[in-house]
Amino acid sequence: MAQKPVSQKPAPKPKARPRPARPVAKPAAKAAARPSRRPAPVEPAAPPIVKPPKATANELDLLKELSNAASVSGDEGAVRKIILDAIRPHVDEVNVDVMGNVLAIKRGPGRGERVLVAAHMDEVGFMVSGHDADGTLRIEIVGGVDDRVLLGKHVLVGAKRVPGVIGVAPVHLLNADRRSAVTKANQLRVDLGVESADAAKKLAKAGDRGVFATEFDVVGPSLRGKALDDRLGCATLVELLRGGPYGFDLHAAFTVQEEVGLRGAKVAGYAVDPVCAFVLDCTPAHDLPHSDEERENAQYNTRLGYGPAIYVADASTLHDARLVAYLQATAAGAGIPYQIQQPGGGGTDAGSIHRNRAGVPTVSLSVPGRYLHTPVSLVRAEDWRNSVKLMKLALEGWTTKILKR
Amino acid sequence: MKPLIKKLVETYGPSGHEDQIRDIVRAEIRNIPDYITVDPLGNLIAVIKKNSRSGKKVMLSAHLDEIGVMASHIDEHGFVRFANIGAVFPIHCVGGRVRFADGTLGVIGADVRRDDVSKVPALSDLFIDVGATSKADCPVKVGDAAGFYRPLEEQGHRLIAKSMDDRIGVAVLIETLKALKRTPHEVAFVFSVQEEVGLRGAGPAAFGVDAEIGIAVDVTLTGDTPNGYKMEVALGNGPAIKVRDSGMLADPRIKNLMVQRAQEAKIKSQLEVLLGGTTDAAAMQISRGGMPAGCLSIPTRYVHSPSEMVDFRDVQASVQLLLEILQKPIDL
């Protein structure tokens, strides 16, 4: 009875963790079909990994503007305005639907097949739910935010971006029990620095949304900012609209209310009624060691630096095998590194798009990001540029043949 | 019918990866319906067109997909960590066998040094051993899906296999399609995908088919095992006519129609109230503007284990009941 040789493995040192080797691009994906009856074709050697072109100042400026803008689910006006200004010169038609989705069409010379590419404009945050007599604001969380990341944070409230702080008890006065207790969101208060409810009401009304007050920045190989989920997807989609035209009609949907239940995408998907869909999002990278123990981190979802993440299965969608294979083949053929998002968790707009009408083959492609849904997220710029490059090539090479069974 | 059942239950086909099982079903029903089509998500739809003015448009649905597992991480020694596809119970996994699309077999093992050895392990404490020695020589990649692996056995009236849910329903639909001589109705036999992950195939299929009545054919639990569920459904008492499950209140008109047809044809049947679990019928009921929906259930013990057990007489009687329903008028 052979035991797993765990004790013989050299103990990895948590601090000086050696960087695992970058994956070599693999040629054409495993088809999820029955075993082939034909002899296996001789596969050409995979092209070497090629670094993507760096983002231009223009592209970084757009991302910075998007990341810094405040657009919590249901209140996406600020981001919508930036996007409308950015895309108008590059599209044939643009509309804002009743929910606030931006639906743009870039027609191509082909037969007018509709391919949908979606990215969501909204971010998680909070909403002012009431005023206390002492001038502080009561809040409700919008979207999935861990209660523990809220204490003591610098926030901006409302369209006027009124600065405030989420109050926290002073550490000097806390005993051990209180220090380790989790404060629930409904126990928190936002302090705007005023002394009465009347004064507070002049600055922020019930219903106003609030965001973390994080400034976007480039830090070495990384990008740091709030709401990179999914301003990165929005920035990518803007770049795709600046490119082309493609061999089909590109329907771009900048959706609303993804973070509260993929709601804008349901409506956008129905309106566009595409033949297939690509969803651009940002997905957690939980890739640092989970503890000091020797145990290997086998649940990281995605890893920074390993390229854009192609989804096979998340909690909301079983991504279409043909589109997954197409993205893999496109990446392999161009030396673009990629990873497969670990199946099981997470969700994207694909969840509601693929179940629309009589069904839509859909695949999601995400930039891996650490600390999503917290005040500061971190991504590798190269993973983002690789996702842009991959999507560009995927759209440039897309034909209906890809959907043939 | 038994060779067909054996072929169906033993075929690979976890949710999202139904190509192989769909091809087999398609070959079985070739040239029988008026037309066969595959919709955008992969549902197989076989239609018998209407030939009478009073006929209704009926959608029948049995799902092609089975529960399974999907590789989520290959460790440096070639062991495969995995996530579930559909409701997979860890208690049925340890020591079990799985098979990937290319035929690679694996054994499911558990971390022996885990937090509480006396408790049933969590899925994250389990791994698949395909006989690899390193990540490089492991034939399995992240994202590869596997179904459970267990051959069909027969004992007396009982058939035992993995994926009776819902390959037995698929078999019932195929046999019904083959035996159906005359029907006043337009009948869409839908072999649906992705039921186990949330009825994701049946909803869109129902939108496309746009029928007036929906009937699913799926398995249901039984109350006839020791210290078992408090259900009146038992193996050998005939097809179960669904009254309610956790996703649907069956349309009473459909339920009553099924009860009536069973009585007329002297088919022993039973009524089913299921506390946990649902079927494609729930998705059909609320598609578009809604439709009356019900379900013909095949009583099954040990559902979502590698040894699901049915009584073959119940299966045969289910085909008979479905034929009775389709061959006669449907007036709700």
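Mentor: Before we look at anything else, one definition: domain bounds are taken from an automatic or database domain assignment. Please also keep in mind that this is a predicted model.

Trainee: Thanks! Into which domains is chain A divided?

Mentor: Chain A has domain 1, made of 57-123 + 226-403, and domain 2, covering 126-212. Notice that domain 1 is written as two segments. Between the C-alpha centres of domain 1 of chain A and domain 2 of chain A there are 31 Å. Domain 1 of chain A gives 11 residues to their contact, and domain 2 of chain A gives 11 residues too. On the side of domain 1 of chain A that touches domain 2 of chain A, you will find four nonpolar, three polar and four charged residues.

Trainee: And how is chain B divided by the domain assignment?

Mentor: In chain B, domain 1 is 2-66 + 162-327 and domain 2 is 68-148. The C-alpha centres of domain 1 of chain B and domain 2 of chain B are 31 Å apart. Here 13 residues of domain 1 of chain B meet 13 residues of domain 2 of chain B. The touching side of domain 1 of chain B holds four nonpolar, six polar and three charged residues.

Trainee: While we are on chain B, how many helices and strands does it have?

Mentor: Chain B has seven helices and 18 strands. For the overall form, compare the radius of gyration with the globule rule: chain B has 20 Å, close to the 20 Å that the rule gives for 332 residues, so chain B is as compact as a globular protein of that length. Along the principal axes, its C-alpha atoms fill a box of roughly 65 × 45 × 35 Å.

Trainee: Now the two chains together. How should I read their interface?

Mentor: The size of an interface is often given as the accessible area lost when the parts come together. Here we can count residues instead: 30 residues from chain B and 22 residues from chain A take part in the contact. On the chain B side, helix 2 (19-28), strand 4 (68-74), strand 5 (80-85) and helix 4 (202-209) each give two or more residues. Helix 4 of chain B supplies the largest share, four residues. By class, the chain B side has 10 nonpolar, 12 polar and eight charged residues.

Trainee: Next, helix packing. At what angle do helix 2 of chain A and helix 5 of chain A cross?

Mentor: Helix 2 (residues 77-87) of chain A and helix 5 (residues 228-242) of chain A cross at roughly 20 degrees, and their axes come within 10 Å. Angles under 35 degrees count as roughly parallel, so these two helices of chain A are roughly parallel to each other. Their crossing is right-handed. Helix 2 of chain A brings Val79(A), Ile83(A), Ala86(A) and Ile87(A), while helix 5 of chain A brings Cys234(A), Val238(A) and Leu241(A). By class that contact has seven nonpolar, no polar and no charged residues.

Trainee: How are helix 5 of chain B and helix 7 of chain B placed, parallel or perpendicular to each other?

Mentor: The axes of helix 5 (residues 252-264) of chain B and helix 7 (residues 312-327) of chain B cross at roughly 110 degrees and come within 9 Å; the two helices are therefore roughly perpendicular. Leu257(B), Met258(B), Arg261(B) and Ala262(B) of helix 5 of chain B meet Leu321(B), Glu324(B) and Ile325(B) of helix 7 of chain B. The classes in this contact are five nonpolar, no polar and two charged.

Trainee: What is the angle between helix 3 of chain B and helix 7 of chain B?

Mentor: Helix 3 (residues 164-179) of chain B packs on helix 7 of chain B at about 50 degrees, with the axes 9 Å apart. That makes helix 3 of chain B oblique to helix 7 of chain B. The crossing is right-handed. Among the residues in contact are Ile168(B) and Val172(B) from helix 3 of chain B, and Val315(B) and Leu322(B) from helix 7 of chain B. By class, this contact has seven nonpolar, two polar and one charged residues.

Notes:
Residues are numbered from 1 along each chain as its sequence is written. Chains are lettered from A and ligands numbered from 1 in the order in which they are written. This is a predicted model: local features need pLDDT of at least 70, side-chain atom pairs count only at pLDDT 80 or more; totals for chains, interfaces and linings use all residues. Two residues are in contact if their C-beta atoms, placed from the backbone, lie within 7 Å. Ala, Val, Leu, Ile, Met, Phe, Trp, Tyr, Cys and Pro count as nonpolar, Asp, Glu, Lys and Arg as charged, and the others, Gly among them, as polar. Axes are lines fitted to C-alpha atoms, for helices over the stretch in contact, and angles run from 0 to 180 degrees between N-to-C directions. Angles under 35 degrees count as roughly parallel, over 145 as roughly antiparallel, 65 to 115 as roughly perpendicular and the rest as oblique. A crossing is left-handed if the near helix is turned anticlockwise from the far one by less than a right angle, and right-handed if clockwise. The radius of gyration is taken over C-alpha atoms; the globule rule is 2.2 Å times the number of residues to the power 0.38.
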